[in-house]
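This briefing covers a predicted model.

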Amino acid sequence: PSGLTIGHAGIDGTLQGGRPGRGRKGEHARNDTLEPMRIAFIAGEYPPLQGGLGDFTRELARASALAGHAPTVITRTATGAPARETELGVTVQRIVEGWGWATAGAIGRYAEGAPADVFNLQFQAAAYGMHPAIHLLPRLLQRHAPVVVTFHDLRVPYLFPKAGPLRWRAMLTLARSAAGVIVTNPEDAATLRAAGLTRVREIPIGSNITPAALAGFDPAAWRAARGIPATTALIGYFGFLNESKGGETLLRALAALRGQARDVGLLLIGGQTGASDATNVAYARAIEDLAAGLNVSAQVFRTGFVDDRGVSEAFAACVGLALPYRDGVSLRRGTLMAAFAHGAPIVTTTPRQAIAGLEDGATFLLVPPDDAPALAAAIARLLDDGGLRATLRAGSLRASGRFAWPSIAAETTTFFQACGAKG
């Protein structure tokens with residue numbers, strides 16, 4: 001079977017409920033109804049640190065700059081990265097040594113000397129080391145400017161052993177102390193609204209990976225350089241491995257396919273643990289042990305951390321992608337958005353709530369979570385049916401057009417204004 005077709009959809013797409021976007025290369029996606037704002041993004045991680053929250057923040061900040069705003073990212077230090085830098089209109093201030101009880105004070109002191117029109121806290125508990133101190137920020141910063149919290153997920157922080165319900169209360173305290181909250185998917189929006197939150201805006205994410213033009217790319221040479229047999233059909237998996245992403249199910253499906261005498265391999269694309277979530281390291285070891293136990297270690301290949309072009313090359317070497325999220329496919333998944341942007345045929349898991357406009361058999365193939373036989377059967381369909389792969393490639397590219405960064409930035413800054421931000 002042939003590899004993926006690299007696409008560039010999404011440049012002029014429209015976010016549901018948002019405004020039409022325009023491309024980055026020399027075209028400003030300006031929202032003329034808004035005065036320029038000084039936006040202070042607070043991010044638990046930021047490149048060169050690996051992590052989806054940091055990549056998301058970078059893309060959103062860059063799109064905001066193109067729209068005429070003045071974004072600053074406040075984040076933690078990183079080895080080899082300058083304390084302050086400006087790139088593509090985004091100023092990055094690496095002023096936090098670590099996320100702990102001193103965090104709020106450090107950011108508060110920074111805010112005293114660097115006025116902002118709005119603070120946007122990009123929240124995911126793992127990005128802040130599961131420490132609860134970050135929950136204090138909205139109350140501390142609200143005297144300077146409105147604080148809007150973007151929840152990348154609703155994973156609760158660690159407080160102390162047997163904290164139980166207090167962890168969820170800490171999340172609600174963070175949400176209720178903000179001027180408004182943004183979520184990335186309808187499931188999280190429903191959860192927060194059920195808890196009594198009223199100023200909740202659902203804004204899906206975009207792809208953190210910009211597809212590369214691969215003129216002259218030679219998949220055979222790429223494979224040979226990595227010791228991947230020319231006859232092996234590669235199924236790709238993109239992103240960090242952790243408990244929520246179904247790595248065990250994927251390995252068991254691979255073993256089932258190998259048991260059918262299919263020459264199939266699994267390509268793990270990108271870094272496998274990231275910079276923030278320590279549980280990813282232990283999980284990666286568990287996955288290695290499981291692969292050995294299933295006798296498929298020799299059929300699991302890894303790219304390691306690669307840049308955008310490296311991701312695009314790896315996607316192009318694969319027949320399709322398997323993303324067996326244990327909690328079902330969701331619009332909060334940056335790995336899904338990257339697969340869409342590359343026009344990948346995708347096998348993934350049934351969402352907890354139907355996603356309007358994304359259909360089984362047209363956008364992706366859906367299987368139940370934690371069901372290795374069903375996953376193996378869907379991958380086999382992908383391997384055997386070139387017409388199906390073509391249909392799913394087209395479906396991926398159509399889906400990508402809904403999630404363009406200029407539109408996401410416009411929707412986000414409009415919500416900032418609704419929450420009291422003034423330019």
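The points below are grouped by topic, beginning with the sheet.

**Sheet**
- Six strands form an open sheet in the order S11-S10-S9-S12-S13-S14, and their pairing is parallel.
- The edges are strand S11 (300-304) and strand S14 (365-367); each has a single partner strand, so one side of each is left without a neighbour in the sheet.
- From one strand to the next, the twist averages 25°.
- S9 and S12 run parallel and are joined by two bridges.
- Ile235 stands opposite Gly320 in S12.

**Helices on the sheet**
- H10 lies across S9, S12 and S13 and runs at about 165° to S12.
- H11 also packs on the sheet, where it touches S9, strand S10 (264-269), S12, S13 and S14. The direction of H11 makes about 165° with that of S14.

**Surroundings of H10**
- Helix H10 (residues 334-341) is mostly covered, with eight of its eight residues buried.
- Among the buried residues of H10 are Leu336, Met337 and Phe340.
- The buried residues of H10 pack against strand S9 (233-238), strand S12 (320-323) and strand S13 (346-349), and also against helix H9 (308-316) and helix H12 (386-400).
- Gly343, which follows H10, has a positive phi near 65°.

**Nonpolar core**
- The largest nonpolar core has 130 residues; those touching the most other members are Ile42, Phe119, Phe123, Phe151, Leu192, Leu267 and Phe340.
- Helix H11 (residues 372-384) supplies the largest share of this core, seven residues.
- Beyond its neighbours within four places in sequence, Phe119 is in contact with residues including Ala40, Ile42, Leu141, His144 and Pro146.

Definitions and conventions
Residues are numbered from 1 along each chain as its sequence is written. This is a predicted model: local features need pLDDT of at least 70, side-chain atom pairs count only at pLDDT 80 or more; totals for chains, interfaces and linings use all residues. Side-chain values use heavy atoms; hydrogens and water are left out. A nonpolar core is a set of buried Ala, Val, Leu, Ile, Met, Phe, Trp, Tyr and Cys residues joined through side-chain atoms within 4.5 Å. Buried means under 20% relative accessible area, exposed over 50%, partly exposed in between (1.4 Å probe, protein chains only). Helices (H or I, at least four residues) and strands (E, at least two) are DSSP runs, numbered from the N terminus. Contact means heavy atoms within 4.5 Å. Two strands pair if DSSP finds at least two bridges between them. Axes are lines fitted to C-alpha atoms, for helices over the stretch in contact, and angles run from 0 to 180 degrees between N-to-C directions.
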